[in-house]
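Here is a set of questions and answers on one structure, meant to be read with the sequence and the model side by side.

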Amino acid sequence: MSKKTAAIIGATGLVGRQLVRLMLKENLYDSIKIVTRRSLELSDSRIQEIIVEDFDCLINSSGQLDANDFYCALGTTKKKAGSKKAFLKVDVDYPIAFAEIAKEQSGFNQFLVVSAVGANSSSPLFYNRAKGQLEESLQALELRALKIFQPSLLLGDRQETRAFEEVAKAISAIASFFLIDSKKRIGAIRDVEVAKSMLKVAEKNAEGFKRFKPNQMIDIAYS
């Protein structure tokens with residue numbers, strides 16, 4: 001991946017933080033453009049921060065986003081967003097806007113995005129329905145290469161605590177203890193495993209569309 005540029009949005013989240021860390025550690029890109037609302041204060045010459053205080057105006061930064069591989073790890077919760085409408089902006093509208101910008105770049109190769117298991121635009125569950133709408137909208141853009149990663153429960157060091165997820169993580173950890181192969185965990189995947197799988201898939205730079213389920217991501221991460 002020498003002489004290639006990555007662009008990433010959602011770098012402050014679980015998967016996004018791991019993506020940036022691994023990109024820097026493994027020297028995968030010569031340049032990493034991070035779209036962020038505030039500076040992450042990363043001291044590395046490969047990092048270029050593109051400060052966008054209002055993602056509603058993301059299109060105004062398209063001229064700075066000439067890159068090859070675009071990573072979208074945006075995501076929130078309805079509680080944190082404050083409303084369903086605000087949630088949809090973060091989890092659906094902004095990723096689509098980012099993909100539209102990516103498509104217009106002359107050096108664009110591929111778009112890699114974090115979605116979720118159960119994504120279905122016809123789902124009775126709001127979260128799954130939103131993720132399904134996102135996936136369908138991205139496919140409609142007919143990108144040269146679209147890779148969708150569908151993690152289940154994400155394990156990682158969250159900045160905020162979510163009570164339900166803490167319980168679910170405990171149950172998952174207990175269940176996993178009894179499995180012979182620790183890679184075949186039940187119902188959860190680590191943030192770093194998602195990030196590793198995304199980078200390994202990106203390295204192959206294959207055209208076309210593909211989805212990756214949790215077990216597939218874990219297999220790729222450890223391959």
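Q: Is helix α6 largely enclosed by the rest of the structure or largely open, and how many of its 14 residues are buried?
A: In this predicted model, helix α6 covers residues 191-204 and reaches 21 Å from its first C-alpha to its last, close to the 20 Å expected at 1.5 Å a residue. The buried residues include D191, V192, M198 and L199. Helix α6 is largely enclosed by the rest of the structure, because the buried residues among its 14 number ten.

Q: Which residue forms a salt bridge with K33?
A: K33 is in strand β2 (residues 31-36), and its partner lies 33 residues away, in the loop between β3 (47-51) and β4 (69-72). The closest N and O atoms of the pair are 2.4 Å apart, and the partner of K33 is D66.

Q: How many residues apart in sequence are the parts that E207 and R144 tie together?
A: E207 and R144 form a salt bridge, with their closest N and O atoms 3.5 Å apart. E207 lies in the loop between α6 and β9 (208-212), while R144 lies in the loop between α4 (126-140) and β6 (145-149), so the pair ties together parts whose separation in sequence is 63 residues.

Q: Is S106 buried or exposed?
A: S106 lies in the loop between α3 (84-103) and β5 (110-114). Exposed means over 50% relative accessible area, and because S106 has a value of 84%, this residue is exposed.

Methods: Residues are numbered from 1 along each chain as its sequence is written. This is a predicted model: local features need pLDDT of at least 70, side-chain atom pairs count only at pLDDT 80 or more; totals for chains, interfaces and linings use all residues. Side-chain values use heavy atoms; hydrogens and water are left out. Helices (H or I, at least four residues) and strands (E, at least two) are DSSP runs, numbered from the N terminus. Buried means under 20% relative accessible area, exposed over 50%, partly exposed in between (1.4 Å probe, protein chains only). The expected span of a helix is 1.5 Å times one less than its number of residues. A salt bridge is a side-chain nitrogen of Lys or Arg within 4 Å of a carboxyl oxygen of Asp or Glu.
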